[in-house]
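Please open the structure in a viewer and keep the selection tool at hand. The tour below moves from one selection to the next and says what is found at each stop.

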Amino acid sequence: MRLFLLATSAALALTSAASAREIDPLAPSGRWSANTAGQAQTPPMGWNSWNAFFTDVDEEKVVASAKIMVDSGLAAKGYRYVNLDEGWWDHRRADGRMLVRTDKFGSARTADGATSFKPFTNRIHAMGLKAGIYTDLGRNTCAQAYGPNEPNLPRGSVTEREVGLWGHIDGDIRLYFADWGFDYIKIDGCGLRAYGPDSDTVRSGKYRALAPLLDLDTVSRSNIPAVRRQFAAVAAALARYNPDGDFLLSLCIWGSANVRAWAKDVGNISRTSDDITPDWGRMLTNFDTSAKRALYAHPGSWNDPDMLFIGKGDFDADHLTEARSHFALWAMINAPLLIGSDLRKTPKPLMDIFGNAALIAVNQDPGGHQAVVAYDTDDLQIFVKTLADGTKAVALLNRSSQPLKATLTAAHLAFRADAAVELTDLWTARRSSFTRETSLAIQPRETLVFRASGKRELADGMYLSELPGDVNPAVDGVTDPIADPTIHRAISPWEGTHGGGSRPIYAGWGGAQADATPFGRQLQIAGQRYAHGLGVLANSRLEVRNHNYRRFTVTVGIDDSATEAKRPVTFAVYGDGRLLATSKPIGRGASQRLDAPIAAVRILELVATSPGATNERLPIAWADAQLR
Ligand code: GLA
């Protein structure tokens with residue numbers, strides 16, 4: 001009886017701790033909550049059919065590109081996924097089974113007409129590669145809505161043309177993974193966006209209505225919890241039908257529904273913007289949607305600014321400067337490296353770009369730290385990425401149409417100014433060195449990219465902001481998502497100058513930042529500038545993986561840019577769920593140094609609370625945060 005009582009009260013204590021956490025997301029959990037399921041310890045590399053062929057895809061084209069990936073040596077350098085995009089399906093049979101378009105994928109033909117992609121994935125696997133498939137979270141697809149005259153759209157009756165996952169998550173995922181043997185799935189969201197009762201697609205009588213859950217232009221019109229639930233159901237089905245864990249979930253809702261803040265908890269890669277096109281301005285837009293989200297990318301889950309468009313338009317063989325920039329930038333921000341060109345026709349200079357082993361190594365570095373902005377203007381940006389061995393990769397991007405002179409300093413790299421910094425150019429392998437600073441000429445649209453080694457400012461440790469892959473903003477304090485106004489607004493490749501232009505649409509403004517406030521300013525507390533630290537809103541909880549450091553020190557305070565003058569914030573540091581250090585309640589204009597012993601701690605949590613505060617008015621700083 002007594003035992004029973006004890007057990008019951010322990011269970012009660014557990015339940016109330018769990019429900020306390022449900023009620024209070026700021027309560028320390030002692031665990032890392034970002035996604036680690038699936039195969040994305042480093043960003044995926046491979047090839048996808050869309051940018052090369054759009055819906056005009058067939059088996060010969062895909063297998064030929066796969067073969068060239070192997071024969072050219074790209075596969076040996078890490079490119080291994082061969083991904084089908086839209087255009088593979090025929091229709092959904094009355095019993096729910098999806099059928100492959102066998103006039104395009106001949107090997108999928110079966111005697112009973114049920115079709116199977118198994119021979120195709122066998123072929124891809126036999127080449128030592130992995131195979132990816134494509135679907136939609138709704139009933140219908142993107143091309144059905146936006147490319148009604150494209151080839152290879154699904155055929156048949158209204159319901160037969162409903163090829164998306166809606167109502168079929170379990171059956172489709174089982175078919176694609178357990179039966180057909182795919183390893184990767186990209187899931188689009190057009191079915192949740194383009195089939196409202198008043199849409200032309202539905203009015204045409206060809207499609208059933210589905211009340212939209214997504215609105216790309218207006219975050220308040222998206223049903224964020226409902227979209228998350230759908231993806232969570234897919235993730236659960238993927239785990240169910242891949243007991244070996246060999247799957248990859250790619251979310252493709254183009255930065256809508258505030259996905260730039262939560263995809264890290266659900267899938268392996270997530271599109272942060274609408275589609276890339278082979279235009280310099282558009283590439284900048286896509287890059288910008290991921291480039292300042294370093295804290296939202298970790299081993300297991302990466303920002304996806306869309307596939308490479310090297311091979312066409314501004315990134316073809318006549319534009320090697322732009323093509324190299326595109327590749328270097330994707331490498332620096334840990335973007336998936338998914339080739340989008342027809343490899344049968346890709347000229348050697350472009351193949352050489354895909355094959356740049358030094359840049360691939362930067363992208364695939366096991367540390368998993370996305371580059372952080374070290375210098376920021378509309379014309380020139382400097383990005384610095386910490387590599388697992390403590391050296392850095394640094395990229396200087398000339399976004400403008402003018403040649404520029406840039407000064408790179410040791411401080412940009414968190415290296416000491418009194419010791420030599422060695423640079424290796426990752427395009428030419430040329431080596432150079434400088435002390436304190438160096439002046440570099442950068443051509444229009446050029447990205448200079450180097451590997452850099454030097455004496456670290458912190459001889460026996462790291463600034464926490466050098467390690468964004470080890471920081472997870474479990475709660476970033478953003479209560480009402482706001483569109484990010486800092487993303488490049490290119491002329492729309494589809495609408496040209498019709499309408500009112502490209503307005504800010506991608507929510508995420510106010511998210512956690514490395515070496516900046518949530519609104520992109522330099523960190524400053526009580527008049528003192530800090531080059532290093534984490535900026536986040538109050539009422540936030542950051543999870544930090546500790547790789548054998550013994551001591552954590554930090555200066556905490558409300559950032560001087562806060563418009564809230566009266567409300568104090570309390571800062572607390574936890575280690576595996578236990579309180580290690582806490583501040584007094586601190587008002588704007590004051591700071592406090594905290595010092596926490598963290599030997600043997602696995603997960604640190606940094607919690608900043610200010611009950612009842614209007615969050616967007618209270619940016620706070622974990623300034624000069626150091627791990628030693
Ligand atoms: C959307 C996606 C693209 C591609 C197409 C296919 O536009 O964002 O990447 O998959 O659908 O129709």
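Predicted model: local features only at pLDDT ≥ 70, side-chain atom pairs only at ≥ 80, totals over all residues.

Begin with the largest cavity, whose volume is about 90 Å³. To find it, select Y184, K186, S250, M307 and L338, which lie nearest its centre and are among the 14 residues that line this cavity.

**The domains**

Next, colour the chain by its domain assignment: domain 1 covers 1-6 + 41-271, domain 2 covers 372-460, and domain 3 covers 463-627. Now display domain 1 and domain 3 together; their centres, taken over C-alpha atoms, are 35 Å apart. Domain 1 brings 10 residues to the contact and domain 3 brings 11 residues.

**The interface of domain 1 and domain 3**

With both domains shown, consider the surface between them: about 820 Å² is buried, and carbon and sulfur atoms give 49% of that area. Select N258, R260 and K264 in domain 1; these residues lose the most area to domain 3, together 50% of what the domain 1 side buries.

On the side of domain 1 that touches domain 3, the residues divide into 5 nonpolar, 2 polar and 3 charged.

Across the interface of domain 1 and domain 3, the count of salt bridges is 1.

Technical notes:
Residues numbered from 1 in each chain as written. Heavy atoms only, no water. Domains from an automatic or database assignment. Contact = heavy atoms within 4.5 Å. Buried area = accessible area lost by both parts, 1.4 Å probe. Salt bridge = Lys/Arg side-chain N within 4 Å of Asp/Glu carboxyl O. Nonpolar A, V, L, I, M, F, W, Y, C, P; charged D, E, K, R; others polar. 1 Å grid on protein atoms, 1.4 Å probe; cavity = no way out; pocket = protein on both sides within 12 Å on 5 of 7 lines; lining within 4 Å. Points joined across faces, edges and corners; volume = space filled by probe spheres on them.
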